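These are my notebook entries on one model, written down in the order in which I looked things up.

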Amino acid sequence: MFSGPLEDRVAIQELNGTYADGVVRADAETWATVWADDAYWNLMGMEVNGKEAIVGMWKGAMGGLEAVSFHCVPCMIAVDGDKATARVQTQEIMLTKEGKTRVIGGLYEDELARRGGAWVFTSRKFRIVAEYNPEGASH
């Protein structure tokens, strides 16, 4: 279910790439660029409002990790003017600072808007679809 101008869909796919790049490099400055100032993030039931609060929560979560491999694949992008919806499948391999691994397959349900000529996330809802080594069990 991909619809709307190809140029916009490519820009949204690249936005997901920027998000993933920020995660893998633990680069909050890069990661923050994908969010609208008034964005909403629902991370497995934890609700956060506003870019500043979202980035703060993310920094806290990333602080407990030694490394993350993060892959994301948009499986639906529908563009309608300056708004869009998307679904993005993810695969994450996380290594905690305690040396434990966790592997997660997840799904984002997104709302986006074109602001200032660039696409940004206005709402992201994430849930785990499948998990190996839940709760950071030893490898």
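This is a predicted model: local features need pLDDT of at least 70, side-chain atom pairs count only at pLDDT 80 or more; totals for chains, interfaces and linings use all residues.

**Entry: the chain as a whole.** I counted three helices and seven strands in the protein chain, and reading along the sequence I wrote the pattern down as β-α-α-β-β-α-β-β-β-β. The radius of gyration is 15 Å, close to the 14 Å that the globule rule gives for 139 residues, so I take the chain to be as compact as a globular protein of that length. Along the principal axes, the C-alpha atoms fill a box of roughly 45 × 30 × 25 Å. I also looked up burial, and found that buried residues make up 44% of the 139 residues. Of the contacts with a separation of 6 or more, 52% are between residues 24 or more positions apart. The accessible surface comes to about 7,600 Å², and carbon and sulfur atoms hold 52% of that.

**Entry: helix α1.** This helix has 19 residues and reaches 27 Å from its first C-alpha to its last, close to the 27 Å expected at 1.5 Å a residue. I listed its buried residues, among them Ile-12, Leu-15, Tyr-19 and Val-23. Seen down the axis of α1, the buried residues fall within an arc of 165 degrees, so they line one face of the helix. On the face turned away from that buried side I found the exposed residues Leu-6, Glu-7 and Glu-14.

**Entry: helix α3.** Residues 51–62 form α3, whose twelve residues reach 16 Å from first C-alpha to last, close to the 16 Å expected at 1.5 Å a residue. Its buried residues are Ile-54, Val-55, Trp-58 and Met-62. Viewed down the axis of α3, these fall within an arc of 95 degrees, so they too line one face of their helix. The face of α3 turned away from the buried side carries the exposed residues Glu-52 and Gly-60. I then asked what covers the buried residues of α3, and the answer includes α1 and α2 as well as the strands β2, β3 and β4.

**Entry: aromatic rings.** How many aromatic pairs are there? The count comes to eleven. Trp-31 and Trp-35 form one that is tilted, at 5.5 Å centre to centre and with 55 degrees between the planes. Trp-31 has 0% relative accessibility and counts as buried, while Trp-35, at 2%, counts as buried as well. The rings of Trp-31 and Trp-58 have their centres 4.4 Å apart and their planes at 10 degrees, so I recorded that pair as stacked. Trp-31 lies in helix α2 and Trp-58 in helix α3, so the pair ties together parts that are 27 residues apart in sequence. Ring pairs link a cluster whose members include Tyr-19, Trp-41, Phe-70 and Tyr-108.

**Entry: Ile-93.** Ile-93 lies in strand β5, residues 83–96, and at 47% relative accessibility it counts as partly exposed. Leaving aside neighbours within four places in sequence, I found Ile-93 in contact with Ala-67, Val-68, Ser-69, Arg-102 and Val-103. Lastly I compared Ile-93 with Glu-111: the two are 18 residues apart in sequence and 25 Å apart in space, C-alpha to C-alpha.

Conventions:
Residues are numbered from 1 along each chain as its sequence is written. Side-chain values use heavy atoms; hydrogens and water are left out. Helices (H or I, at least four residues) and strands (E, at least two) are DSSP runs, numbered from the N terminus. The expected span of a helix is 1.5 Å times one less than its number of residues. Buried means under 20% relative accessible area, exposed over 50%, partly exposed in between (1.4 Å probe, protein chains only). The arc is that of the directions from the helix axis to the C-beta atoms. Contact means heavy atoms within 4.5 Å. The radius of gyration is taken over C-alpha atoms; the globule rule is 2.2 Å times the number of residues to the power 0.38. Accessible areas come from the Shrake-Rupley method with a 1.4 Å probe; for residues, only the protein chains shown count as cover. Rings of Phe, Tyr and Trp (its six-membered ring) pair if their centres lie within 6.5 Å; planes under 30 degrees apart count as stacked, over 60 as edge-to-face and the rest as tilted.
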